[in-house]
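This report walks through selected features of the structure shown below. Keep the sequence at hand while reading.

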2 protein chains.
Amino acid sequence: MNEVKSGTLFGVGLGPGDPELMTLKAARILSSTPVVAHFRKAGRSGHARTIANAHIRADIIEAAFEYPVTTEIDFREDGYVSAIRDFYAASANAIVAHLQDGRDVALLCEGDPFFYGSFLHMYDRIKATHPVMVIPGITGMSGCWTAAQAPITYGDDVMTVLPGTLEESVLAKHLTETDAAVIMKVGHNIEKIKDALRTAGRFDDAIYVERGTMAGERVARLSDLGDCAVPYFSIILLPGGRGRRIA
Amino acid sequence: MNEVKSGTLFGVGLGPGDPELMTLKAARILSSTPVVAHFRKAGRSGHARTIANAHIRADIIEAAFEYPVTTEIDFREDGYVSAIRDFYAASANAIVAHLQDGRDVALLCEGDPFFYGSFLHMYDRIKATHPVMVIPGITGMSGCWTAAQAPITYGDDVMTVLPGTLEESVLAKHLTETDAAVIMKVGHNIEKIKDALRTAGRFDDAIYVERGTMAGERVARLSDLGDCAVPYFSIILLPGGRGRRIA
């Protein structure tokens with residue numbers, strides 16, 4: 001009986017979108033890994049795949065996992081949880097099949113693999129049985145505050161990261177108690193987020209960022225945005241500065 | 001009269017410490033900029049300078065700004081504020097002199113330039129009069145949660161970043177209300193931070209990380225650390241997970 005040494009799963013952080021904001025380490029791993037896996041919306045080429053494109057050799061095995069449902073569906077809806085759980089289980093099995101055959105797998109991750117995102121579902125399923133290595137990446141929020149030319153934290157500032165999916169009263173409470181904030185997952189939550197910012201007296205300071213560091217980047221004061229539909233992955237920033245030690 | 005076109009100040013994020021966790025863009029800027037500036041403790045080679053070393057050409061002009069006081073001194077102490085303000089003003093003047101002569105300047109920044117740190121003091125002094133470009137970097141906290149193999153946020157988790165310099169009651173309140181937390185600037189604040197974690201019922205979940213992604217990296221459960229002196233730039237992590245949507 002042959003014992004094949006397990007391959008390693010690499011969670012490769014690709015950064016916020018600009019391919020040049022990938023790390024040297026991520027570029028090295030991508031160019032030397034025989035299997036590249038990524039998640040994407042059905043029918044799309046996949047955003048992570050686009051960022052990584054220049055570093056992926058033509059002769060690799062590619063595994064694209066297509067989400068069965070959109071992230072915009074409320075996760076409490078019937079069918080969502082079971083559909084997505086089955087999808088993650090099947091994706092993990094596909095990765096494990098490569099690892100068992102001794103092939104390393106690079107799983108492409110927008111942003112940082114350990115900061116939200118689908119990689120965690122693979123990590124939690126695979127780490128107990130196979131080697132996993134994570135390469136950190138610049139988060140989407142860092143890309144957005146850089147795009148907005150908005151330093152996010154000074155000195156003793158507290159910063160709070162808030163999913164826009166939270167209830168309005170919860171958002172407002174956190175926004176009242178923090179110096180700086182980043183609100184993720186905006187999409188159809190935007191009017192609720194605006195109301196929470198108004199309740200906290202912070203609406204006029206908020207900055208809206210869409211596609212930070214990428215083609216089509218858009219930065220605006222939230223108060224200038226007007227009523228319009230915005231993407232789920234846009235971000236709202238509340239820059240700090242109250243914690244400055246030295247003026 | 002000759003009009004010299006101003007140079008550009010680049011705030012170059014170097015990432016958390018491992019030189020391979022620098023971005024492709026940071027490496028490109030460093031290898032093509034005639035002046036490299038950095039902050040360092042008096043008498044040290046400088047941590048940022050060490051990370052960047054492989055990308056800095058021998059023929060550049062180098063400007064090392066040595067802090068007149070240590071970051072461990074309480075900023076409310078007599079003399080601290082005026083000494084450090086004078087130091088930042090003189091450092092900004094030295095950078096501006098190069099920019100006025102038409103030379104680009106790369107200012108080395110550990111982590112991400114817009115996320116805490118000394119770069120902001122240069123940015124606020126220079127941005128109105130000279131072009132400034134920021135290259136984001138992986139934050140120290142991302143490096144630490146990667147080193148600890150500790151996913152920091154899932155699904156709808158709230159994450160709060162807290163300077164360990166805050167009062168114990170303020171720390172405890174934030175720790176009670178958040179899912180995930182990162183406590184920076186630990187140093188001599190460690191016993192106060194432990195007490196705040198105990199008050200919030202989160203002490204047993206906390207992870208201590210020193211020199212994440214670097215030589216001498218140390219990861220431990222905070223409860224196993226015992227009573228000992230720790231560096232100012234160590235980090236305490238409280239991983240999230242309560243916001244998981246899919247088990």
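## A helix crossing in chain A

The model is predicted. In it, helix 3 of chain A and helix 4 of chain A make a right-handed crossing. Helix 3 spans residues 80–100 and helix 4 spans residues 119–126. Their axes lie 10 Å apart, and the packing angle is about 60°. An angle of 65 to 115 degrees would count as roughly perpendicular, and one under 35 as roughly parallel. The two helices are therefore oblique to each other.

Which residues of helix 3 of chain A meet helix 4 of chain A? Helix 3 contributes A:Tyr88, A:Ser91, A:Ala92, A:Ile95 and A:Val96. An α-helix has 3.6 residues a turn, so residues three or four places apart point the same way.

## Helix 5, enclosed

Helix 5 of chain A covers residues 140–147. Eight of its eight residues are buried, so the helix is largely enclosed by the rest of the structure. The buried residues are A:Gly140, A:Met141, A:Ser142, A:Gly143, A:Cys144, A:Trp145, A:Thr146 and A:Ala147.

After helix 5 of chain A comes A:Gln149, with a positive phi near 50°.

## Two copies

Chain A superposes on chain B by a rotation of 180°, with 0.0 Å of shift along the axis and an RMSD of 0.0 Å. That is the relation of a two-fold axis. The same surface serves both copies, as 100% of the contact residues of chain A recur in chain B.

## The nonpolar core

The largest nonpolar core holds 144 residues. Those with the most contacts inside it are A:Val12, A:Leu107, A:Leu237, B:Val12, B:Leu107 and B:Leu237.

Take A:Val12. Beyond its neighbours within four places in sequence, A:Val12 contacts A:Ala26, A:Ile29, A:Leu30, A:Ala106, A:Leu107, A:Leu108, A:Cys109 and A:Ile135.

## B:Val36

B:Val36 sits in strand 2 (residues 35–41) of chain B. Is B:Val36 buried or exposed? A residue is buried if 20 or more other C-beta atoms lie within 10 Å of its own. B:Val36 has 23 within that distance, so B:Val36 is buried.

Leaving out residues up to four places away in sequence, B:Val36 touches B:Ile56, B:Ile60, B:Glu62, B:Ala106 and B:Leu108. B:Gly117 is 81 residues away along the chain, and the C-alpha atoms of B:Val36 and B:Gly117 are separated by 17 Å.

Terms used: Residues are numbered from 1 along each chain as its sequence is written. Chains are lettered from A and ligands numbered from 1 in the order in which they are written. This is a predicted model: local features need pLDDT of at least 70, side-chain atom pairs count only at pLDDT 80 or more; totals for chains, interfaces and linings use all residues. A residue is buried if 20 or more other C-beta atoms lie within 10 Å of its own, exposed if 12 or fewer, and partly exposed in between; C-beta atoms are placed from the backbone. Helices (H or I, at least four residues) and strands (E, at least two) are DSSP runs, numbered from the N terminus. Copies are superposed by least squares on the C-alpha atoms of residues with pLDDT of at least 70 in both. Two residues are in contact if their C-beta atoms, placed from the backbone, lie within 7 Å. A nonpolar core is a set of buried Ala, Val, Leu, Ile, Met, Phe, Trp, Tyr and Cys residues joined through C-beta atoms within 7 Å. Axes are lines fitted to C-alpha atoms, for helices over the stretch in contact, and angles run from 0 to 180 degrees between N-to-C directions. Angles under 35 degrees count as roughly parallel, over 145 as roughly antiparallel, 65 to 115 as roughly perpendicular and the rest as oblique. A crossing is left-handed if the near helix is turned anticlockwise from the far one by less than a right angle, and right-handed if clockwise.
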